[in-house]
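Work through the exercises below with the sequence and the 3D structure at hand. Each task is followed by a solution in steps.

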Amino acid sequence: MNGLLRGVVSVILMGTGASSLAAAARPQLATMTCAALDRAVATQPAGPVLVASYPALNGEPAPILALRGVAFTYDNALASIALFACGKAGSARRIADALVFATNHDPEYHDGRLRNAYAAGPVGAPPMKLPGYWSTERNAWNQDAYQVSSATGNQAWAALALLEAFRQSGEGAYLEAARKVLRWSQDKTYDAQAPAGFSGGYYGYFNQQIQQNWKSTEHNVDLAAAWAALNALAPDQGTARQAQIARQFVASQWDATEGRFLIGTGADGQTSDRVRSGLDAQIWPLIALHDPPGDWRRVFAFVDRAHRSGDGYGFNRDPDGLWTEGTAQAAAVAQLNGLSDKAQPLWSVLLAQEAGNGWLYATPAPRISTGLAIGPDSVTNDFFYYHLPHLGATAWAAIAATGVNPFTGSLEAD
């Protein structure tokens, strides 16, 4: 079911007991985050728009200069999917329209790829605006190498958002843009060496990009879902095959002994990393892939052992703080797997992360680590989340609270 009113939720007035408060937390979270996402789009001038991933609240911009005015593609894809679930189709389509524009009007490439991020705000005349800022130290325009790169997982999430826009509207531009993005991933990132799958994408500036040869379990989960969605809507000779390749890679990373997914391979594209763990790679397969093996549900036990952080969850193994987005993911996956008792305590945890105006903090800690590096030129594992209001966290909370499966557009069973 994909009716426009499917995600509209009203706050239920409950008693003051603990169980009543817990029961009220989910609809309150849905109402709050849906309103925040809709405002973020509705307050922009008419037309296609991308929302800043780290917005200025109360007039205060993100303290990290490289994050100011940056609209990450993944965050905006989530926001569009969430807005459809919230019953805000007009706002959802404005973001999807911006993604369509980006596939056709990149300032440097003409092959359908998307960048990891763009400049936030209204999307006007071509070309698509890339993020950046003026450096007074260098007296030059600065661009972040990761932001202008093209990671495989971000292509897949944009395709998922575009395919949801097509389901909701029937407009062919969304379908064609999703197909274009996925074909780029097929042409540029497929690696046949065992375990066959899709590599990480391309990193760096124009004409200096480096292919990322590692294969990510999470990226292949995303592609398996996106290709399967495209196959369901507009099958051709290749769609089912591409979905199967990505799914088989994910299955190859299941460690039945430990009851968990390996995070993927190293730079050789073959040797699996048995040390690190990412929460998303552990739990997304349970809702992204059709009819996952029952044995995979054992991953909940591993997640509770390895990713717990206080009353929620952290990004990596033995986390150093709560990851709001991941805690929302855990709530969504548990709820969609019929484990409402597991999801219920997380709604109030998520509500407690409100930063203002309905936005959620990425983490309540000053900074948390992921154990991952941003790119091949990183000298340390420098991918962090900060105590900042975050579009990705807010969108995932809305997705979880409305009960939509972001990989398929379907709702949890009543």
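The model is predicted: local features need pLDDT of at least 70, side-chain atom pairs count only at pLDDT 80 or more, and totals for chains, interfaces and linings use all residues. Residues are numbered from 1 along each chain as its sequence is written, and side-chain values use heavy atoms, without hydrogens and water.

**Exercise 1.** Describe how helices α4 and α6 cross.

Solution. Take the axes of α4 (residues 152-169) and α6 (residues 217-233): they come within 8 Å and cross at roughly 30°. Angles under 35 degrees count as roughly parallel, so α4 and α6 are roughly parallel to each other. Next, list the contacts (heavy atoms within 4.5 Å): among them, W157, L160 and L163 in α4 and L223, A226 and L230 in α6 take part. The residues of this contact divide into 12 nonpolar, 3 polar and 3 charged.

**Exercise 2.** Find the buried residues of helix α10 and state where they lie.

Solution. Buried means under 20% relative accessible area. In α10 (residues 299-306), V299, F300, F302, V303 and A306 qualify. Viewed down the axis of α10, these residues fall within an arc of 160°, so they line one face of the helix.

**Exercise 3.** Locate the cis peptide bond from A194 to P195 and examine phi of N139.

Solution. The A194 to P195 bond has omega near -5°, and P195 sits in the loop between β8 (190-191) and β9 (197-203). N139, in the loop between β5 and β6 (140-142), has a positive phi near 55°. With 57% relative accessibility, N139 counts as exposed (over 50%).

Definitions and conventions:
Axes are lines fitted to C-alpha atoms, for helices over the stretch in contact, and angles run from 0 to 180 degrees between N-to-C directions. Helices (H or I, at least four residues) and strands (E, at least two) are DSSP runs, numbered from the N terminus. Angles under 35 degrees count as roughly parallel, over 145 as roughly antiparallel, 65 to 115 as roughly perpendicular and the rest as oblique. Ala, Val, Leu, Ile, Met, Phe, Trp, Tyr, Cys and Pro count as nonpolar, Asp, Glu, Lys and Arg as charged, and the others, Gly among them, as polar. Buried means under 20% relative accessible area, exposed over 50%, partly exposed in between (1.4 Å probe, protein chains only). The arc is that of the directions from the helix axis to the C-beta atoms.
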